[in-house]
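Open the model in your viewer and keep the selection tool ready. Each stop below says what to select and what is there.

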Amino acid sequence: MVLTHVQSDEAAASAAVFASRYVQEPVPSYELGEKSISKDAAYQIIHDELLLDGSPRLNLASFVTTWMEPECDRLILEGMNKNYADMDEYPVTTELQNRCVNIIARLFNAPVGAGETAVGVGTVGSSEAIMLAGLAFKRRWQNRRKAEGKPYDRPNIVTGANVQVCWEKFARYFEVELKEVKLSEGCYVMDPDKAVEMVDENTICVAAILGSTLTGEFEDVKRLNDLLAAKNKRTRWDTPIHVDAASGGFIAPFLYPELEWDFRLPLVKSINVSGHKYGLVYPGVGWVIWRNKEDLPDELIFHINYLGADQPTFTLNFSKGSSQIIAQYYQFLRLGFEGYKNVMENCMESARTLREGLLRTGRFDVISKEDGVPLVAFTFRGIRDGSLAFKLSANLRRFGWIVPAYTMPANLEHMTVLRVVVREDFGRPLAERFLSHVRMALSELDLAAKGPVPKMRLTIELGPARSAEEEASVRVVKRDAVSGHRSVSLVSGKTKGVC
């Protein structure tokens with residue numbers, strides 16, 4: 001099931017037109033077969049059906065890693081049958097997770113001294129990480145309000161309208177009001193001034209995004225911290241900041257080391273990051289790191305002993321595979337700081353190639369900034385008809401490319417945007433090929449806009465050849481315009497035909 005949030009009637013109608021191309025036949029009622037089949041037959045049936053999926057490497061909609069080295073693929077296969085929840089049975093795997101947490105915490109400048117252990121946990125992705133961070137903020141706020149004898153039944157979070165849907169899920173699932181700062185023309189991320197204005201005594205945290213899903217832009221966490229610190233001082237509140245660094249957390253430390261967005265800012269209490277995005281690991285693995293132990297309430301941590309020893313656990317999920325944890329540690333060990341920096345620089349170079357190539361067509365305005373996540377978000381120049389973006393997206397699918405077209409959030413519903421995400425496996429050759437396909441798709445759209453090619457019905461007369469050396473004579477005796485696209489059949493006869 002695909003849920004699409006479309007703001008304008010015009011865009012909704014356009015999306016419906018193109019969605020209708022992919023309407024499926026009614027799904028049959030599947031049930032378990034009575035007899036077994038051979039393993040080869042089962043494999044071939046599923047393998048053949050999966051050929052109809054799109055190619056992951058040509059999926060330019062996704063931030064998620066689609067390629068890893070064969071050596072890491074082998075480690076993933078070796079660890080697939082290990083249940084990460086069985087920490088006592090698989091202590092080395094647990095140790096690898098703890099190493100990853102400490103590496104990430106230090107990468108984010110957490111106040112962890114030599115020999116100290118960072119506070120964090122691996123998750124199945126940033127969605128679970130955000131749920132855990134949000135629960136910690138809610139519980140700390142509730143505990144403080146109870147101690148002060150104040151009501152604690154109306155918590156809220158302040159975010160920008162550009163947040164990923166997992167924040168809406170957290171708010172709805174855990175009964176927290178979501179207060180969104182609306183976007184504006186030319187400003188496609190949360191305005192920190194407006195965000196701080198919305199903070200009240202019931203705000204459990206302000207969520208800033210390092211790498212907006214819509215445009216890849218980094219929000220100004222430093223300014224948010226300074227403004228919020230001033231408000232906290234005036235009001236005697238203690239409103240903290242969470243940084244959703246799902247996309248940008250593994251980019252900023254390597255490309256923008258001087259940018260202050262992390263635990264260097266005193267009000268940043270927790271950060272989530274996706275290992276399966278620019279952490280360069282297959283889905284799904286995410287991480288959430290807390291500034292210190294005081295920011296993660298003890299009552300949220302469970303202790304179990306039925307797997308062999310006392311094990312602390314703070315997750316929404318329990319059983320899960322160990323492969324992605326192992327793969328994350330492989331990437332840290334294999335690449336190091338230098339390797340990650342090289343990968344990110346290459347991604348940014350490919351993004352620049354795309355940006356320049358799209359601008360050279362003269363048809364697009366690029367709304368994403370050059371700094372931030374390596375992606376290009378663009379709109380048709382001077383055209384308010386959102387259907388054109390959906391048409392281009394559909395045309396590019398014929399070449400195998402998956403490029404999303406979407407409307408912007410509230411206040412900017414009139415904007416329809418296309419977005420291309422650059423990953424490690426999308427180098428310059430693929431970028432150049434993509435640009436050539438964009439130009440071809442634009443030419444097709446231009447031809448379609450001019451209407452169908454005029455067609456003529458010709459009545460001809462065939463004459464016999466006068467000698468063996470000459471060809472039969474052909475003479476057009478009648479011309480009729482043909483409307484629409486109906487086919488014209490050849491009329492049989494000795495001397496006349498219609499082409």
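**Stop 1: a salt bridge between two parts of the chain**

Select Asp200 and Lys179: their side chains form a salt bridge, with N and O 3.1 Å apart. Asp200 sits in the loop between α7 (192-198) and β4 (203-209) and Lys179 in strand β3 (residues 177-181), so the pair ties together parts that are 21 residues apart in sequence. The term salt bridge is used when a side-chain nitrogen of Lys or Arg is within 4 Å of a carboxyl oxygen of Asp or Glu. Helices (H or I, at least four residues) and strands (E, at least two) are DSSP runs, numbered from the N terminus.

This is a predicted model, in which local features need pLDDT of at least 70 and side-chain atom pairs count only at pLDDT 80 or more, while totals for chains, interfaces and linings use all residues. Residues are numbered from 1 along each chain as its sequence is written, and side-chain values use heavy atoms, with hydrogens and water left out.

Is Lys179 buried or exposed? Lys179 is buried, with a relative accessible area of 15%, and Asp200 is partly exposed at 25%. Buried means under 20% relative accessible area, exposed over 50%, and partly exposed in between (1.4 Å probe, protein chains only).

**Stop 2: further salt bridges**

By the rule above, the count comes to 17 salt bridges. Select Asp226 and Lys222, whose closest N and O atoms are 2.9 Å apart in a salt bridge. Because Asp226 and Lys222 are 4 residues apart in helix α8 (residues 221-235), about one helical turn separates them. Asp226 is partly exposed at 38% relative accessibility, and Lys222 is partly exposed at 31%.

Next select Arg363 and Asp446, which meet in a salt bridge (3.1 Å, N to O). This pair links distant parts of the chain, 83 residues apart: Arg363 is in the loop between α10 and β10 (364-366), and Asp446 is in helix α12 (residues 428-449). Then select Arg57, Arg423 and Asp425, which are linked in a network of salt bridges.

**Stop 3: two helices**

Select helix α3 (residues 70-79) and helix α10 (residues 323-360). At what angle do the axes of α3 and α10 cross? Their axes cross at roughly 150 degrees and come within 8 Å. That makes α3 roughly antiparallel to α10. Axes are lines fitted to C-alpha atoms, for helices over the stretch in contact, and angles run from 0 to 180 degrees between N-to-C directions; angles under 35 degrees count as roughly parallel, over 145 as roughly antiparallel, 65 to 115 as roughly perpendicular and the rest as oblique.

**Stop 4: backbone details**

Select Pro283 and Gly284: the peptide bond from Pro283 to Gly284 is cis, with omega near 0 degrees. Gly284 lies in the loop between β6 (268-274) and β7 (286-290).

Now select Glu175, in the loop between α6 (165-173) and β3. Glu175 is not a glycine, but its phi is positive, near 55 degrees. At 67% relative accessibility, Glu175 counts as exposed.

Asn411 also has a positive phi, of about 90 degrees, although it is not a glycine. Asn411 is in the loop between β12 (405-407) and β13 (416-421) and is partly exposed, at 46% relative accessibility.

**Stop 5: two C-alpha atoms**

Finally, select Lys455, in strand β14 (residues 455-463). The C-alpha atoms of Lys455 and Asp480 are 8.7 Å apart, and the two residues are 25 residues apart along the chain.
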